[in-house]
Structures are given as C-alpha cells and as structure tokens.
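I opened a new page for this chain and set down what I looked up, entry by entry. The sequence and the structure come before my notes.

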Amino acid sequence: MPLYILTSFLIYCLINAFTPGPGNILALNTVSNYGVVKGRPLFLGIFAGYYVVQAICAALVFGVSSLLPNFLHVLQYVGAAYILWLAWHIACSKPQTDEMSKSASFMQGFMLQFVNVKIYLFGITALTAYITAYSNELHVFLLFEMIIATIGTIATITWIGLGVVIQKYYFKYYRIINIILALTLLQCVYSILRMA
C-alpha cells in the first residue's frame, strides 16, 4: 500500500474519530455529570463496544458485502431513533447525585456502539475506500479496523478530558451545556437521515 494512501486513511480516521458523535458526546456528558471514576464503567463499555463493532465491520466487508446496503439502511433508522432518545435524555438531565449514579454503566456504553451508525459507516467506508483495493483478506481488514477503534478510543478519551475541564462549570451551566450537546446529537441524526 502506498504511503499516500496510508496517510489519507489516517487523516480520514482522525477527522472522523474526533468529530462529535454519540459515543464522544455521551462520554463528555457522563464525565460532566459523574466524574471520571463513576463514569469509568460507561467509558470502558464505549471502548469495548467500539472494538467489537469494528470487528463486525471487517467481517461484513469481508463476507456479506451483497447484504451490506440493506443492513446499513435499517441500522441507520434504528441508530437515528436511539440518538434522538439520547439527545432528549441529555437535554433534560440535571447534575446527578450519588444515589443516581448507577446509570453510567458498562452495558449502556457498550450497547450504544451497536446502534452508533457513525462508527459502522466510519469503519466500512475506511475499508472500502482505502484498503480493499490492496487486500481482501480478513486479517488485514481486522488490523485496520482495530487501528480505527484505537483512534476512536483516543478521541473519546480526549472528549472525556474535555469533560473533566468543564466539570466545574457544568454544575453552574448544566442546562446550556446539555442543550448544546443535545443539539449536536440532533446534527448527528440529521447526517444519518440525510445518508439514508
């Protein structure tokens, strides 16, 4: 694979991973509400889900490419509905007390990734645009999808760090911050539905 293709792949991955998406926004909102320690299970769920979804993308591109458009089309609507629910939940949420902190769970973060259309499209587009012209082997697809998941994990950690920075302001301005985050999620839904 030529160096310029690898460079383009990495640039695409960095831009895609660091832009707002459901996982990044949920991580930011969770650290703002709960802090890093109480949000850790959710963050670990987001990270684990990211790797599993990217492995699924590799398998889909490798073996089921004829069914892929139908699968993604249905998944777009499921993902859009879930992200709408998430936007509503964030817009209406208040800073949490200790008794309420049980909702930042591993499973919540993990399951989010399965309906996060952005990362499916991210992984599948990266493979089909940059990798399939040079290889059609499953282990190569898996390698590049794990690179994507690692870049995505680093991006989410960055968003968590941003949440730590704004946490002291969050309790004072939580309504404004939550509305901005919810509106950003609505932009994600708009993008998903535009592609449908």
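**Notebook: helices, cores and contacts**

Entry 1, the chain as a whole. I began with contacts in the protein chain between residues at least 6 apart in sequence, and found that 88% of them join residues at least 24 apart. I note here that the model is a predicted one. I then listed the secondary structure, which comes to six helices and zero strands, and reading along the sequence I wrote the pattern down as α-α-α-α-α-α. For burial, I looked over the 196 residues of the protein chain, of which 46% count as buried.

I asked myself which residues touch the most other members of the largest nonpolar core. In this core of 24 residues they are Phe9, Leu127, Ile131 and Ile148. I traced the core back to its elements and found that two or more residues are given by each of α1 (3–18), α2 (22–63), α5 (117–131) and α6 (138–195), while the largest share, eight residues, comes from α5. I also noted that another core lies apart from this one, with 23 residues that include Val31, Leu42, Ala104 and Leu185. As background I wrote down that nonpolar side chains in soluble globular proteins tend to be buried together.

Leaving aside residues up to four places away in sequence, I listed what leucine 127 touches, and the list holds Cys57, Ala58, Val61, Thr132, Phe141, Phe144 and Glu145.

I looked up how α2 and α5 pack, and the angle is about 45°, with the axes 9 Å apart. At that angle, which lies between the 35 and 65 degree cut-offs, α2 is oblique to α5. The crossing in which α2 passes α5 is right-handed. On the α2 side I recorded Tyr50, Val53, Gln54, Ile56, Cys57, Ala58 and Val61 as making the contact, and on the α5 side Ile119, Tyr120, Phe122, Gly123, Ile124, Leu127 and Thr128. Sorted by class, this contact of α2 with α5 has 11 nonpolar and three polar residues, and no charged ones.

I repeated the search for α2 and helix α4 (residues 106–114), which pack at an angle of about 45° with their axes 6 Å apart. These two helices are therefore oblique to each other as well, and the crossing of α2 and α4 is right-handed. The residues in the contact of α2 with α4 divide into 15 nonpolar and six polar, with no charged residue.

Is asparagine 24 buried or exposed? I found asparagine 24 in helix α2, and with a relative accessible area of 5%, which falls under the 20% cut-off, asparagine 24 is buried. Not counting residues up to four places away in sequence, asparagine 24 touches Ala17, Phe18, Thr19, Ala155, Thr156 and Trp159. Last, I checked alanine 59 against phenylalanine 141, and the two are 82 residues apart in sequence yet 8.0 Å apart in space, C-alpha to C-alpha.

Note on methods: Residues numbered from 1 in each chain as written. Predicted model: local features only at pLDDT ≥ 70, side-chain atom pairs only at ≥ 80, totals over all residues. Heavy atoms only, no water. Core = buried A, V, L, I, M, F, W, Y, C linked by side-chain atoms within 4.5 Å. Buried < 20%, exposed > 50% of the residue type's maximum accessible area, 1.4 Å probe, protein only. Helix = DSSP H or I, 4+ residues; strand = E, 2+ residues; numbered from the N terminus. Contact = heavy atoms within 4.5 Å. Axes fitted to C-alpha atoms, helices over the stretch in contact; angles between N-to-C directions. Parallel < 35°, antiparallel > 145°, perpendicular 65-115°, else oblique. Left-handed = near helix turned anticlockwise from the far one by under 90°. Nonpolar A, V, L, I, M, F, W, Y, C, P; charged D, E, K, R; others polar.
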